[in-house]
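Please consider the sequence and the three-dimensional model shown below. The paragraphs after them lead through selected features of the structure.

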Amino acid sequence: SGEVDKLEKDNFEEVNKMAHVFDVSWLTKRCLKFYKAEVLKFENNSYEEMLFACEIASRANYNLKDSKYVSCFVKNVAFSGNGKFVFLHRYMAGFAEISKRRIDMSLAIAADNLNIISNCLVTYISFNLKCKGLDENSLYMLQKLDVQKFSRTFRSELNELSDFLAALSEDSECAEMKAVVEKFVKNKRIKTEESSSSKEDLEVDENTEDVQDSDGEDCKDVANQTEEIE
């Protein structure tokens, strides 16, 4: 109980893991409150502080199957200006080597701003892969992209990405790449048509998207404005 009484950033993840493994509900709630009150309280709005909180959320989602930490991070870290782009650019650096967990977290942070993901992906394919194909992480990200959300927020960027990938796939002999790109392009066409025919329904659905924790308490009680990422 000493560790619980002295819940700190250094031991937080270990205590949270124990709480989940032994299904101690009061302790899991306390850990979530600590995360919102302390871990998401950035003193300097630095990249390192944000990365620390981001990785805790990502690991909780991946290892503990607890998505509330990702929801809290996404809802409470408010990026100003091009802050989200700057953060994701650094977070996805060395794209070929990053984990699938980090790719999933990048998509969660991007949220409706999937144009950021598209820009990073096209840049990576063009400059790192020299437009010679798609590697494992590129294929994974394409399969995880929410085409419906992309089509209703940045349709022209989605069309550009689709055309770029189709042209790339045309000259490729990789069956997996052709299959993934073909599915992506097909989904793009279907979702774009659906978005055009039921725009009002989609707007209603978008307004009702609100992630809540197990107590019905949402994660909006902590607000961080990142003016600059140092």
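The model is predicted. Helix α8 covers residues 114–128, and its 15 residues, at 1.5 Å a residue, should span 21 Å. The C-alpha atoms at its ends are 20 Å apart, which agrees with that expectation. The buried residues of α8 are L114, N115, I116, I117, S118, C120, L121, Y124 and I125. These buried residues pack against five helices: α6 (83–91), α7 (100–110), α9 (136–144), α10 (147–153) and α11 (155–170). Just after α8, K130 adopts a positive phi of about 55°.

The aromatic residues come next. A pair of aromatic rings is described by the distance of the centres and the angle of the planes. The structure holds eight aromatic pairs. In the pair formed by Y35 and Y69, the ring centres are 5.0 Å apart and the planes stand at 75°; the pair is therefore edge-to-face, since planes over 60 degrees apart fall in that class. Y35 belongs to helix α3 (residues 25–39) and Y69 to helix α5, so the pair ties together parts that are 34 residues apart in sequence. Both partners are buried: Y35 has a relative accessible area of 0%, and Y69 has a relative accessibility of 1%. F12, F34, Y35 and Y69 form one aromatic cluster.

Where is K65 found? K65 sits in the loop between α4 (47–63) and α5 (68–76). Its relative accessibility is 67%, and K65 therefore counts as exposed, the cut-off being over 50%. K65 is related to Y62 in two ways. A polar atom of the K65 side chain lies 3.1 Å from the backbone oxygen of Y62, and K65 also lies over the face of Y62, at 5.6 Å from the ring centre. The C-alpha atoms of K65 and H20 are separated by 9.3 Å, although these residues are 45 residues apart along the chain. Another lysine is placed over a ring: the charged end of K100 sits over the ring of Y140, 5.7 Å from its centre.

The cysteines complete the account. How many disulfides does the structure hold? The structure holds zero disulfides. C31 counts as buried, with a relative accessibility of 0%. C120, one of the buried residues of α8, has a relative accessible area of 17% and is buried because the cut-off is under 20%.

Definitions and conventions: Residues are numbered from 1 along each chain as its sequence is written. This is a predicted model: local features need pLDDT of at least 70, side-chain atom pairs count only at pLDDT 80 or more; totals for chains, interfaces and linings use all residues. Side-chain values use heavy atoms; hydrogens and water are left out. Helices (H or I, at least four residues) and strands (E, at least two) are DSSP runs, numbered from the N terminus. The expected span of a helix is 1.5 Å times one less than its number of residues. Buried means under 20% relative accessible area, exposed over 50%, partly exposed in between (1.4 Å probe, protein chains only). Contact means heavy atoms within 4.5 Å. A polar contact is a pair of N or O atoms within 3.5 Å; within protein, one must be able to donate a hydrogen and the other to accept it, and residues adjacent in sequence count only if both atoms are side-chain atoms. A disulfide is a pair of cysteine sulfur atoms within 2.5 Å. Rings of Phe, Tyr and Trp (its six-membered ring) pair if their centres lie within 6.5 Å; planes under 30 degrees apart count as stacked, over 60 as edge-to-face and the rest as tilted. A charge sits over a ring if NZ of Lys or CZ of Arg is within 6 Å of the ring centre and within 35 degrees of the ring normal.
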